[in-house]
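The sequence and structure come first.

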Amino acid sequence: MIKPYPAQYCASIACLLLSLLLAPLLFGIINRVKAKVAGRQGRPLLQLYFDINKLLRKNSVYPQTSTRFFRIAPVAGVAAALAALLMLPFGGVPAVLSFPGDFIVMPALLAFSRYMLILAALDTGSAFEGMGAARESLFSAMAEPILIFCLMVLAYASREYSLSLILGGLPATLWLAEWPMYLLLAIALFLLLLVENSRIPVDDPNTHLELTMIHEVMILDHSGPDLALLEYSASLKLWIFCLIISGIAIPQAGVWGFAERSSPAGSFPSFALEAGTMLLMILCIAALVGCVESAMARLRLERVPQVLTLAGSFACLAALSLWR
Amino acid sequence: MSGVPFFSSMGWLHVILGFIVLTDLSLLAAEHRRVCIRLIALQGMLLGALPLLMHTGETAIYPWVVAAIFFGTKGILLPWLLWRTMKQLPFSAMRPYVGSTVCVLIGLCGFMLSLWLAGRLGLTFNALFSQVFPTSFTTIFAGLLLIVTQRTALNQIFGYLVLENGIYLLNVPMIQYENLWLELSILLDILVGIFVMGIAVLHIYRVFESTDVDRFAVLRD
Amino acid sequence: MFIALLCLPFAAAIASWFIPTDAPRRLVLLTVAGGELLLALSCWIIPPISFNEEIFQLDAMGKLVLTLTTLLFFVASVYAVGYFRSETAGVRKDFQQGLHFSNAPEATFTACLLLFLTSAVLVAITRHFGLLWVGIETTTLVSAPLIYFHRHRRSLEATWKYLLICSVGIALALIGNVLLDISVHTQERPASSMSVDALILNAGNIYPGWFKAAFVFLFIGYGTKMGVAPMHTWLPDAHSEAPSLVSALLSGALLNCAFLGIFRLFQISTAVGFGEFASSLLLAFGFLSMLVAAMFIVGQGDFKRMLAYSSVEHMGILLIALGSGMEAARGGVLHMINHSLAKAALFLLAGNILAKYNTKSGHDVTGLAKTLPFTGPLWLAGIFAIAGFPPFGLFISEYSVLQGILRQGNFWPALLYLALLGIIFVGMITPILHMCQGKTPPGIRPARTENLFLTVPSFCLMLLVLSLGIMMPEWFGEALDLAAALAFKP
C-alpha cells in the first residue's frame, strides 16, 4: 500500500486534470498527421474541442423506441473512463487511487463502458446499430483477454499488483534488465490500441458507409450533449491506452523517491521532466497512429482476428522471455 | 532472454536470438514469397553475425572469416538463388494447407515446447549450448511446419532452409574450439542441396505447369 | 589407398561429364567400376594404412559394406552398358500415361552414377560421424538426378518426394550429430572429435539426456534414409520410377549405407551403456517395418513396388537383428549382404521384364518362362531367394536371426517374426507364379536369346546368393564375427 504524501497527492491530481484537458487533443494530432502525409492542410488541432463545445450547446434528440439505457450510456461511458483514469499513474507519481488488484479493475471499467454503449446501440432497435454492436462485442471479446494478459505479465515481472507500482514505479534497472519483454508488450498493446479505439487497419473512423463501420455506427442516433460525452469518452479511452504504453515503453529514473518507496523528498524539476517525457511519448504515439493510418488500408473484417493474433503472439513472446 | 546486462556481448547475443525467433514467427505469418525470401535473408544475416559474439579464443581474424563465410552464404547467396528461382516461376499466391494465424500459434507452442525441452535436458559443459537451444529448436520447428503446411514446392524449400538454419544455430557455439572444417563441408552440402532442389522445382514447373505439390497424386498405394 | 578409393570414381565422374561420345564413356564407367572393385578386394589382403585414423579407417563392417557396394556397382555398370544400348534416344511415348518424354543426357547420368559410388565409398571407409553424415547426404543429392532419368511426370514426382523426405530426414540426423557432439562435450574433453573410437574412449562422461535426444534424432534421420516404416514413403515411389539399374543400386547400396549409420550409432550406444534403450527402439521400428511391408506386399499389383516393399521388410529384419543381441546381429550382417545381392539381381531382371512387356503390373505379365528364356527362370529363383527359401543365403541369415531372438528368450517376438515372414512369403510367391506361368500375352513375341549384358550380371549375383547359402567360406564367417562384435564388444 502506498502512503501518499501531500506534495505527491497534489501532483497526482494535477496530472489527472492535465489528462482530462489534453485527451481530445490526440484525435486532433492523428488527423493532422494524416492530413500532412496526404499533403492537405487538415483540420485545426483543437477541432474536437470545438465540436464538443458546439454539441454541448445543443439539445438531444431521442429515438421513440429508446429507453433509459440510451440516455445512461454516454454518462456511464465518461464515468467509467474517468474512474479508470483515476487508477493510472502519470509522470512518475502514483495515481490518485491505487490499491492491489486495480490492474484487473481498470480493464473491467473499460469493459463496463463498452457494455453500456452496446446496450444503448441495441436499444435503438436499428439493424445497423445492432450490427455494429455485434462486431464490437466480437472483437472486444478477443481483445480484452489479451489486454488483461499483458497487464498480468507486467504484474508478474514487477511482482506488484497495483497499476501505480506496475507502470509508474518502473525503475530503470528493471527496465534495462527486461527491456525485450517491455518492448514486445508495447507492440502488443499498440496493436490492441488500434483495435480497441477503432483505428484504421481495423475500423475507419471517417467512413460514410455504415456497413463497414464498427464504432461509429453504434453512436449514429446520439446527438447533442450525449454525442459530446461519447466523443469525449472515446478520446479518454485513447488517452488511457497511450498512457499504458508510454508507461512501459520508457524507463523512469524513479524520481520523487517513489521507486525506492522510502523518501518523500523530490523536486519539482524532476517531476516536470518525468511528466514532460511522458506527455511527449503520448503525443508521439498519437502521431504514430496517424502514420499507421496513412500507410495502411482498412483490413477486411475477417482479417481483424489476425491482428489480434499478432497482438496475442507478441504478448506470449513477452511472457516467454521471462521464462528461466 | 532476461537477467543480463544491457550492453555486454551476452546481451547482444540474446537480442539476436530474440530477433531470430521473431523472424521464425514472421515467416510462419508471411503471405508472399518475396516477404519469405527477405525474411530468410534477414535470418541468415543474423545467424552469420553470431560467430562474432560467441568467439572467445585468442585469434582475432578467425571469427571474422567464419562470420563472413556464413553471412555471405546464408544471408546473401542462398536468398539470391531462391530469388532467381522465384523470378523464373509465375507469380502465384501462397495457399497453405493451414492458415497463417494457426501456423503462428503452433509456432508459439513450438517455442514453449523448446523452452520446456531446454529445461528438461539440463545444462551442458558449455552453457552456450543451453542458451541457443530454445531458439534453435523453435527455428527447426518452424522449418518443419513450413514444409508440412505449404502447397508449392518452392515454399517447401524455404522450410528446408529454415530447418537448416536452426541446426546451424545449434552448432554455432563450436566456434570457440576453432575446428569448423566439418561445418564448412556441411554448408557446402546444403548449398548443393538447395541448388539441386531449385533445379527440380524448375523441372516441376516445366512438366506440370505449376509448382503445386497437390498434383503429385499418381504414385500411391 | 583411401585417397585412391575416393579419387578414382570422382575423377572419372568429372571426366565422363566432358566425354562427348558414348563408347569411350561407357568404357570409362566399366574400367573404373572394375578398378574400384579390385581396390576394395585388395583391402582384404593388405590392410590399408590411413594417414589420419580419425577420419578414414576401415573396420570389419566397413570392409564388408565397401566390398558389397563396389561389387554391386560393377555389376550394375555392366548392366548399364547393355541398358544404354537398348534405350532409344529422343522423344518416346510413356506407356502408362501416354505422354511423351525423353531421357536425361547419358553423360550426366554416368557422372551422377560415379559420384554416387564416390559418396557410398566415403560412407564405408570413415568412422567419423560428421563425415558419415556428409557421405549419406551426398548420396541423396547425387541419386536424385538418377531417379529422374526418364523425364516424365511420375519420375519427377518420385524424385521430388525422395529429395524432400530424405533431405528432411538427413537434416534430422544432422541435429542428432550436433546433439551427440554436445552430449560428449565434457570437462576432460572440451574440443571434441566425432570419430567412433574417440567417442567410445570417452564413454564414461556423457550427458545422458542429450545423448538420448541425439540417439532419437540420428535414428529417425538415418532410418528415413534406410526406408524404415513409417518414414518409408519415399522408397516405393523412388524404386518403382527409377531406371532398374538405379533401383538396384538404391536398394543394394544406398540402404546399406544408411544401415551403416545406424550400426555406428548402435556401437556408441552400447559403449555408453544405452544398449537396452537402443535395442528396444530398434526392435519396435523393425517390427513396424515388417508389418507395414507385409500389409502392402499382399495384393500388390506393381512388381517393382512389391520389390520396394520387400526392401522395407528386409530393413526391418536388419533392425531386429541388430537389436536382438550378438548372435542375431551376426545373422543380420549376413542378411544385409544376401539381401543386397538378391535384391539387386531382382531389380535388374525387373528392368528386362519391363522392357519386354511394357507394363509394371504383375497381372498383365504372363508366360514369363517362355517369353524370356533367361530372365524368367532367374526371376523365379530370385523371388524364392528373397522370400527366404532354403537353398539360398537368405534362408540361412533369416534363420540365424530367429535363433538369436530365441536365444534371448523372447518367444513372442520370434513368433511374430515368423508369422510376418510367412505372410510376406505367400504374398510374394503367389503373383510371381502367375507371372511365370501361362501363355505369352498377344502382341509380344517370345525371345530366343537375350542380351548377355542384361542377364549375366543377375546370374552372377544369384550364383553368389546360392553359394552363400550352400557353403560359406571360413574366412567369410570370421569377417562376419568381427563385424558383429564391433557393435557389442567395443
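How many residues does the contact take from chain C, and how many from chain B? It takes 34 residues from chain C and 36 residues from chain B. The model is predicted.

**The chain C side of the contact with chain B**
- On the side of chain C that touches chain B, the elements giving two or more residues are α5 (129–147), α6 (153–183) and α8 (208–226) of chain C.
- With 17 residues, α6(C) gives the most to this side.
- By residue class, the side of chain C that touches chain B has 20 nonpolar, 8 polar and 6 charged residues.

**Pairs of chains**
- There are 2 pairs of chains that touch, and the pair with the most contacts is B and C.
- Chain A and chain C are joined by no contact; their closest C-alpha atoms lie 19 Å apart.

**Helices α10 and α19 of chain C**
- Helix α10 of chain C covers residues 244–272, and helix α19 of chain C covers residues 474–488.
- The axes of these two helices come within 7 Å and cross at roughly 50 degrees.
- Angles under 35 degrees count as roughly parallel and 65 to 115 as roughly perpendicular, so α10(C) and α19(C) are oblique to each other.
- From α10(C), the residues Phe263(C), Phe266(C), Gln267(C) and Thr270(C) take part in the contact, meeting Leu486(C), Ala487(C) and Phe488(C) of α19(C).
- The residues of this contact between α10(C) and α19(C) comprise 5 nonpolar, 2 polar and no charged.

Conventions. Residues are numbered from 1 along each chain as its sequence is written. Chains are lettered from A and ligands numbered from 1 in the order in which they are written. This is a predicted model: local features need pLDDT of at least 70, side-chain atom pairs count only at pLDDT 80 or more; totals for chains, interfaces and linings use all residues. Two residues are in contact if their C-beta atoms, placed from the backbone, lie within 7 Å. Helices (H or I, at least four residues) and strands (E, at least two) are DSSP runs, numbered from the N terminus. Ala, Val, Leu, Ile, Met, Phe, Trp, Tyr, Cys and Pro count as nonpolar, Asp, Glu, Lys and Arg as charged, and the others, Gly among them, as polar. Axes are lines fitted to C-alpha atoms, for helices over the stretch in contact, and angles run from 0 to 180 degrees between N-to-C directions. Angles under 35 degrees count as roughly parallel, over 145 as roughly antiparallel, 65 to 115 as roughly perpendicular and the rest as oblique.
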